[in-house]
Amino acid sequence: MTDRYAVLGNPIDHSKSPLIHGMFAKATGQGIVYEKILVPEGGFTQIAETFRAAGGKGLNITAPCKLDAFAYADTTSPSAQMAGAVNALRFGAGGVEGENFDGVGLVRDITVNLGQAITGKRVLLLGAGGAARGALLPFMAQRPASLHIANRTPARAEELARIGSAHGTISAGGYDTIAAGAYDLVVNATSASLTGALPPISADAFTHATLAYELAYGKGLTPFLRLARQARPALAAADGVGMLAEQAAEAFAWWRGVRPDTAEVIAAITIPLN
Ligand code: ATR
């Protein structure tokens with residue numbers, strides 16, 4: 001029987017995961033079926049269990065089910081524990097394994113696809129929610145010169161800095177603690193762009209930046225990216241489309257034992273930033 005996989009979330013119609021995994025499967029010669037399944041409120045565990053009982057091999061998990069997936073997994077990886085969220089499940093003899101590949105996908109997109117080193121660089125991370133938590137340890141593993149977390153609610157940023165401080169130099173605070181011209185890489189891990197909002201960051205944060213990275217994808221030039229480009233036209237502006245492809249490639253490799261190339265997928269799902 002062909003191995004079955006799916007992405008679970010709500011809404012799910014917009015999901016690019018079936019397209020991405022279909023392309024990976026074709027390129028690597030892996031015979032899999034990949035569906036998308038809408039999860040009604042409160043219905044995650046039943047749907048995941050039914051899929052598994054029918055012989056399903058693994059799931060990708062998107063909003064708002066990542067916390068449910070974390071609770072559902074028998075075992076979770078350190079990256080899932082750090083994020084407090086699971087974005088990929090694997091069903092095998094060892095039970096239900098939970099992983100989170102978002103952070104590693106982000107770092108791979110920045111360092112490999114965009115060719116920007118994080119090592120030795122000054123990083124500004126906006127936000128202290130689930131997305132920022134997931135990014136923190138993969139960023140610190142690259143050994144940036146410094147990492148500053150700015151969040152609307154400063155206490156959440158400070159808490160995140162405490163968790164990450166064993167891994168390097170991290171500072172944190174509200175948006176008023178962002179210093180002018182003090183960052184090489186500026187990463188927007190807030191959910192502001194989902195509602196077309198701009199985090200309260202001023203243009204001078206980008207004065208020496210080489211990259212502005214928006215974790216949201218498919219939104220075109222968000223207010224954050226527009227401000228970054230206006231402030232410093234020479235910087236590279238990117239949305240999370242490469243991160244989406246890279247986290248998918250990590251999950252595919254985890255499930256199938258072969259890591260697909262992402263270039264073709266990224267080209268297929270990129271929406272121009274203008
Ligand atoms: P996600 O899983 O996408 O990270 P989350 O855990 O709800 O979602 O976190 C959302 C993040 O975006 C938080 O850092 C939030 O700031 P607060 O912690 O102060 O709530 C941030 N955020 C959301 N809307 C924002 C806005 N309009 N301006 C600035 N920050 C915003």
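Start by selecting strand 3 (58-61) and strand 5 (88-92): three bridges join strand 3 to strand 5, and the two run antiparallel. Strands here are DSSP runs of E with at least two residues, while helices are runs of H or I with at least four, both numbered from the N terminus. Two strands count as paired if DSSP finds at least two bridges between them.

Before moving on, a word about the model: it is predicted, so local features need pLDDT of at least 70, side-chain atom pairs count only at pLDDT 80 or more, and totals for chains, interfaces and linings use all residues. Residues are numbered from 1 along each chain as its sequence is written, and side-chain values use heavy atoms, with hydrogens and water left out.

Stop 1: Strand 5 pairs with strand 6 in the antiparallel sense over five bridges, and two residues lie between them in a hairpin. Pick Leu89 and you will see Gly98 of strand 6 opposite.

Stop 2: Show all six strands: they form an open sheet in the order 2-1-3-5-6-4, with mixed pairing. Which strands stand at the edges? They are strand 2 (32-38) and strand 4 (75-76), each with a single partner, so one side of each has no neighbour in the sheet. Strand 1 (residues 3-9) runs parallel to strand 2, joined by seven bridges. Select Asp3 to find Ile32 of strand 2 opposite.

**Stop 3: helices on the sheet.** Select helix 1 (residues 17-28), which packs on the sheet and touches strand 1, strand 2 and strand 3. Contact means heavy atoms within 4.5 Å. The direction of helix 1 makes about 175° with that of strand 2. Angles run from 0 to 180 degrees between N-to-C directions, and axes are lines fitted to C-alpha atoms, for helices over the stretch in contact.

**Stop 4: a helix pair.** Finish with helix 6 (residues 130-141) and helix 7 (residues 154-164), which pack at about 25° with axes 10 Å apart. That makes helix 6 roughly parallel to helix 7, a label for angles under 35 degrees. Which residues make the contact? Highlight Ala132, Arg133 and Leu136 of helix 6, then Leu160, Ile163 and Gly164 of helix 7.

Definitions and conventions:
Angles under 35 degrees count as roughly parallel, over 145 as roughly antiparallel, 65 to 115 as roughly perpendicular and the rest as oblique.
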